[in-house]
Amino acid sequence: MSTTGGKVVAWAAVAFFVGIAVPAKAQTLDQALSAAYRNNPTLNSQRAATRATDEYVPIALAGYRPQVFGSAYVGAQWAETRLDSGYAALQGSSSLTVAKTYPTGVGITISQTIYNGLRTANSVRSAESQVRGQRELLRNTEQLVLLDAATAYMNVLQNAALVELQKQNLEALREELRAARDRFSVGEITRTDVAQAEASVANAQSELALAESNLNTANAVFYQVIGLRPTKLSPGRPIDRLLPKSEKLAVDSGLTRHPAVKSAEFAVDAGLSNVKVAEAALSPTLTLNGSASSDYNSSLSVSRQTAASATLNLSVPIYQGGSEYATIRQAKETLGQLRIEVDVNREQVRANVVQYWGALEAAKAAIESAQAAVAANEIALRGVREEWRVGQRTTLDVLNAQTALFNARASLVIAQRDRVVASYAVLSASGHLSAVTLGLKVPVYNPQIHYEQVRDAWIGVRTPGGQ
């Protein structure tokens, strides 16, 4: 039985995966990452959350600005006066008087805080720290989405290659079954040998169905993360050129640059400002208030009355029930928690870098081992088949050799996938995975644009047209 055709096809599948052959007009990994950067709903949701967080700054800045309120009223008044009849006779007037007026008026009140224990200043600092922290959360989400996209891309490639290998393995086993039946028909082997070949074919059919199911799942995840249907994916390649030169450098980079760590540090800054905001409740408040009003027809004898006032008000808190003290203590405890969270995130980053760096090294070694195993198992299969033909090997020996070759080829495919994914995981764990670092051909989202559009906006309810 000839095995040349099956071997060539099997190696074509592996070659497709590891990057020897690239189909024409294929989707590339960079294109998939660019699509995920534009379309992923999780990333777009985080961008919207970042824009919403930007508004905390103008909300805090409002404490520096005056508050202006206008008022107006219009109404009707009716009054009836009944005098003593004797007194009315002496006065020569009617004992019953009815008065109707239609008073109207307008007014304006202006209030400007002059001092409030630096509550506004610290609120602004807290809001700015929240904005910076949210930007780091956005950067972290970008890293996770790009890593998920790279993983989804390589999973489709891996499962497509495994399906192809399963098909070739099934065809090879069917060929073995046909040969076993032919030899059984002439009495060279027993019915047991045929049954073993039939069992191997049935098992291969089951494994092919499972591989196809896994490929369908991978395709669904690909669409979920990237927003495109996978078609003719070109081989993915590791990004070793972008990685730190050593594990120590990767750890150091992650501890200082990872967005999860930076976000936690900005949260500490915001927490410190929030303590000062809470403490401002114990400080006096000085405000300047001004008002002006005009009233018309307030009585029968007054057609217009105009008033204006300006006051400087000082409010000194003496005791407010104790809630302000509880709020201060709560803010301090929250600050302590946030400082602990910085250490938690640093240790998590350290663990991730070590884990993914080890996975990358393991994948490199696995590729070398799998390549050697494939070459050795091909030679072994050819030898076992020749020995089987002259009766020195059993059918089970041939089936086992075919299975060993398939497993070696599958291991090579899996190792190649792990090699690529681990390189992206290391870059993410060290805090460098981004559209800019990867050089993706996509407009880069800049959160600073929206922030500058809204920071000093005094009025307006429409969201700006920037990013």
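Which residue in β4 stands opposite Gln67? In this predicted model, in which local features need pLDDT of at least 70, side-chain atom pairs count only at pLDDT 80 or more, and totals for chains, interfaces and linings use all residues, the residue opposite Gln67 is Ser111. Residues are numbered from 1 along each chain as its sequence is written, and side-chain values use heavy atoms, with hydrogens and water left out.

Strand β4 (residues 104-115) pairs with strand β1 (residues 67-74) in the antiparallel sense over eight bridges, and with strand β5 (residues 285-299), again in the antiparallel sense, over 11 bridges; in the latter pairing, Gly107 has Ser293 of β5 as its bridge partner. Pairing requires at least two bridges found by DSSP between two strands, and helices (H or I, at least four residues) and strands (E, at least two) are DSSP runs numbered from the N terminus.

Within helix α13 (residues 447-455) lies His450, which counts as buried because its relative accessibility is 4%, where buried means under 20% relative accessible area, exposed over 50% and partly exposed in between (1.4 Å probe, protein chains only). The His450 side chain makes a polar contact with the side chain of Asp54 at 2.8 Å, a polar contact being a pair of N or O atoms within 3.5 Å, of which, within protein, one must be able to donate a hydrogen and the other to accept it, while residues adjacent in sequence count only if both atoms are side-chain atoms.

Helix α10 (residues 323-389) holds Tyr325, which is partly exposed because its relative accessible area is 36%.
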